[in-house]
There are 2 protein chains.
Amino acid sequence: MAETFDKKKTIDLRHKYIGPSCKVFFGQDPIKIVRAKGQYMYDERGERYLDCINNVAHVGHCHPDVVKAGAMQMEILNTNSRFLHDNLVEYAQRLQATLPDSLSVCYFVNSGSEANDLALRLAWQYTGHKGIITLDHAYHGHVSSLIDISPYKFHQMTGNVLKAPSPDIYRGKHREDHPDAATAYSDEVENIIQDAHKKGQKIAAFIAESLQSCGGQVIPPQGYFQKVAQHVRTAGGIFIADEIQVGFGRAGTHFWAFQLQGKDFVPDIVTMGKPIGNGHPMACVITTRKIAEAFMSSGMEYFNTFGGNPVSCAIGLAVLDVIEKEALQSNAARVGRYLAELLRQQKEKHPLIGDVRGVGLFVGAELVKDRSKRTPATAEAQDVIYKLKEHRILLSADGPDRNVLKFKPPMCFSEENAKFAVDRIDEILTGIFSCSGCQIPSPSDARPGLWQHSRLHWTAAT
Amino acid sequence: MAETFDKKKTIDLRHKYIGPSCKVFFGQDPIKIVRAKGQYMYDERGERYLDCINNVAHVGHCHPDVVKAGAMQMEILNTNSRFLHDNLVEYAQRLQATLPDSLSVCYFVNSGSEANDLALRLAWQYTGHKGIITLDHAYHGHVSSLIDISPYKFHQMTGNVLKAPSPDIYRGKHREDHPDAATAYSDEVENIIQDAHKKGQKIAAFIAESLQSCGGQVIPPQGYFQKVAQHVRTAGGIFIADEIQVGFGRAGTHFWAFQLQGKDFVPDIVTMGKPIGNGHPMACVITTRKIAEAFMSSGMEYFNTFGGNPVSCAIGLAVLDVIEKEALQSNAARVGRYLAELLRQQKEKHPLIGDVRGVGLFVGAELVKDRSKRTPATAEAQDVIYKLKEHRILLSADGPDRNVLKFKPPMCFSEENAKFAVDRIDEILTGIFSCSGCQIPSPSDARPGLWQHSRLHWTAAT
């Protein structure tokens, strides 16, 4: 597609008309993307980028089956769920079939933020309590109720929000050498509950991403959710599993990431979003019949203008079909294992890589300046990201210290893609390492233009 | 399109899998709609319904230009706004051009609820105050922050929410015989501000729909918004105009309903939603540079995963094009005037119609049992709605007493459509009127099947 404006004009118009709080990737030199296919994005000059970050384009950018399903339904009918429609009930039935039986009642909404906000409303209504326990560094969405429970965004907690330590066994309070980190971290939650009770506060819910994403690709120790759920339920609260970033097969071995904890763990509410419609604005909350009925007993109708419309449901169904037809969940397991293995080999080679962790196509490599102190290598992570961009690879760095290289590519990501990306990381780390004590460009940075550019960013970033 | 399930199965699955708080229209006998075109919807038996209520399908259900724009962009690229894209900036520029110059900074989101929640966040951050003044019977959305400011849904006000009387000159505190209702109603707001100040509360914002919709199709007296804005701004607060239901030319004479108040009124924030994408989940907040910069100064990024994606923007642009190309705003003015005139003729004939009010294709007819006491004819309004359904006309009754027949059809609604709907209302009201003192069916209800069915609903409703 031709451009409407040249890139400079696009940037000027963006400065003029778009809220300055809305950031672009690579702020110093943002990318203009005009088309995308599968795991590739293309800029206005036709340059191809390997996409390692867009977990929303779950089954691959512009998947023809998904596009066709959406386009066909748009032609026929797109209206609200106050009218009966088969897509709505068929989709609800299909989604339910991926979950334990008790999670059977669906609410369709437009975004992960709407989903998590509704989850809070369900919890408040069902329990009659107000307190919400959230994890440190959590991000659950941008509406005001969720900013309150998102320490990643906002460190000023309101009275009804209680913050538990992130179950991060690399950088957290209890680490990989702890004999029982799951119990240690769940005891922290229990202590918070006891303190709250002493102050007369009552717990409505514990909310956590099944795998903490913005918080730094954290994989909670197995059994942690079971123990937390027991403490929270004893206090009359419920367990909300936020699968917005990590659901729909990304974990590889399981369709939902909470299932990694074991069959004996079932949340009371599951929220899903981002990948659910491969980019189409839609999301969902699924809960138990008991909670749904308590919510109804308030007498307040829940109406969501766009939620569960026939187009969104057709798209959601197509996404489920493609995941199955193209065996994307097992692809995530296989390629994710290979990617983590390649990164672990890099860890042997480069002291800057302090930890490699992940499940399926949700993989993080945490960069540290010093392995024993685990000092976050924030500037270095930024530098790697910018240099990868020069190699036409899109990766991001996240976590509380922004030092975790974060892989969450479209699920059609291949072993070749993984090898290509990690090879470039190897070259870049070799370059950084070889030049940190000297001023001589490494062989991989020998191309003069690139070197110059990279140096600029390196300078800017440090 | 063939059905996947028969209607009974659809209903059963809905009961099983969809949250019971999500209501259907005509709960006793819901409608299954399988396709729609323009101002018509079709059920599974091919029966055609005239749509008088779906303001979301703004330029007509499944408008081919909108469908094509969406489908084409879906094929090429659908990603987030952290990448530069021309659709985003072009659309922002086009939307801005419909507004006063000072309203120049856009935030794209997924729903009216997200838009109003963000408007509150902007107001809180810009003013540093917490108090929100909302109108009685207002509805601003379903996320938790908005339930708090929506007396239509929830009568339990939280501490920072202050409720002003709805500027309803038919049923409100100050009526059509008041010499200066605009000042009287704005003085109410001023009093609330003074009371708040006495309690140490500070005002962040006044929020109102430019025309109150769920609140009963209320048209505020001219000059009211100017006076309110002055009081609110003097208190350090801002004015949020909620155009989610009523914007995009529906008012007929003006593109935005707040413009009905006069050129000397400019809100600080405008929120838009429902019709913006003809059913596609999207919405927008537009504010001043000053407010946008104050929001940015918090240092918190605002990222909305789906908001402002290239597909939504392509669809938004197509909607603006169709409104212009098909002169839908002037159609709304002409047909709306004709519709209101027809309803006023009915008011002469039927004492049940207490008031007819409206601008453009936003028209309400308020039913009363007694014109002097203005006793709401709630059951009668429900009966009219159910009987119209038998005539294959979709209309709803809303307002605090659910006694206001509410027209907000797709903008391609024609004079013939208006005549057809009002003629059926005439027949129905004649039927109700003639049989309220006797048991003899009126001529218009002579078809036996219909009569029988209507009686059933009449009985059920009263």
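## The S1–S2 pairing and its sheet in chain B

Arg35(B) has Tyr42(B) in S2(B) as its bridge partner. The description given here is of a predicted model. Strand S2 of chain B covers residues 40-43 and is joined to S1(B) by four bridges, the two strands running antiparallel.

This pairing belongs to an open sheet of four strands in chain B, ordered S1-S2-S3-S14, with mixed pairing.

## The S11–S12 hairpin in chain B

Strands S11(B) and S12(B) make up a hairpin in which two residues lie between them. Within the turn, Gly360(B) adopts a positive phi of about 50 degrees. The strands run antiparallel and are connected by six bridges, S12 of chain B spanning residues 362-370. Across this pairing, Asp355(B) stands opposite Glu366(B) of S12(B).

How many of the seven residues of strand S11 of chain B are buried? Six are, so the strand, formed by residues 353-359, is largely enclosed by the rest of the structure. As a general point, side chains in a regular strand alternate between the two faces of the sheet.

## Ile353 in chain A

In chain A, strand S11 likewise carries the residue numbers 353-359, and Ile353(A) is found in it. The relative accessibility of Ile353(A) is 2%; because burial is assigned under 20%, this residue counts as buried.

Which residues does Ile353(A) contact once its neighbours within four places in sequence are left aside? The contacts are Leu343(A), Gln346(A), Lys347(A), Glu366(A), Leu367(A), Arg371(A) and Leu429(A).

Helix H3 of chain A (residues 86-96) packs with helix H1 of chain B (residues 7-17) at an angle of about 45 degrees, and the axes are 9 Å apart. The two helices are therefore oblique to each other, and the crossing of H3(A) and H1(B) is left-handed.

On the side of H3(A), the contact is made by Asp86(A), Leu88(A), Val89(A), Ala92(A), Gln93(A) and Gln96(A). H1(B) contributes Thr10(B), Leu13(B), Arg14(B) and Tyr17(B). By residue class, the contact of H3(A) with H1(B) comprises five nonpolar, three polar and two charged residues.

Notes: Residues numbered from 1 in each chain as written. Chains lettered and ligands numbered in written order. Predicted model: local features only at pLDDT ≥ 70, side-chain atom pairs only at ≥ 80, totals over all residues. Heavy atoms only, no water. Axes fitted to C-alpha atoms, helices over the stretch in contact; angles between N-to-C directions. Parallel < 35°, antiparallel > 145°, perpendicular 65-115°, else oblique. Left-handed = near helix turned anticlockwise from the far one by under 90°. Contact = heavy atoms within 4.5 Å. Nonpolar A, V, L, I, M, F, W, Y, C, P; charged D, E, K, R; others polar. Buried < 20%, exposed > 50% of the residue type's maximum accessible area, 1.4 Å probe, protein only. Pairing = 2+ DSSP bridges.
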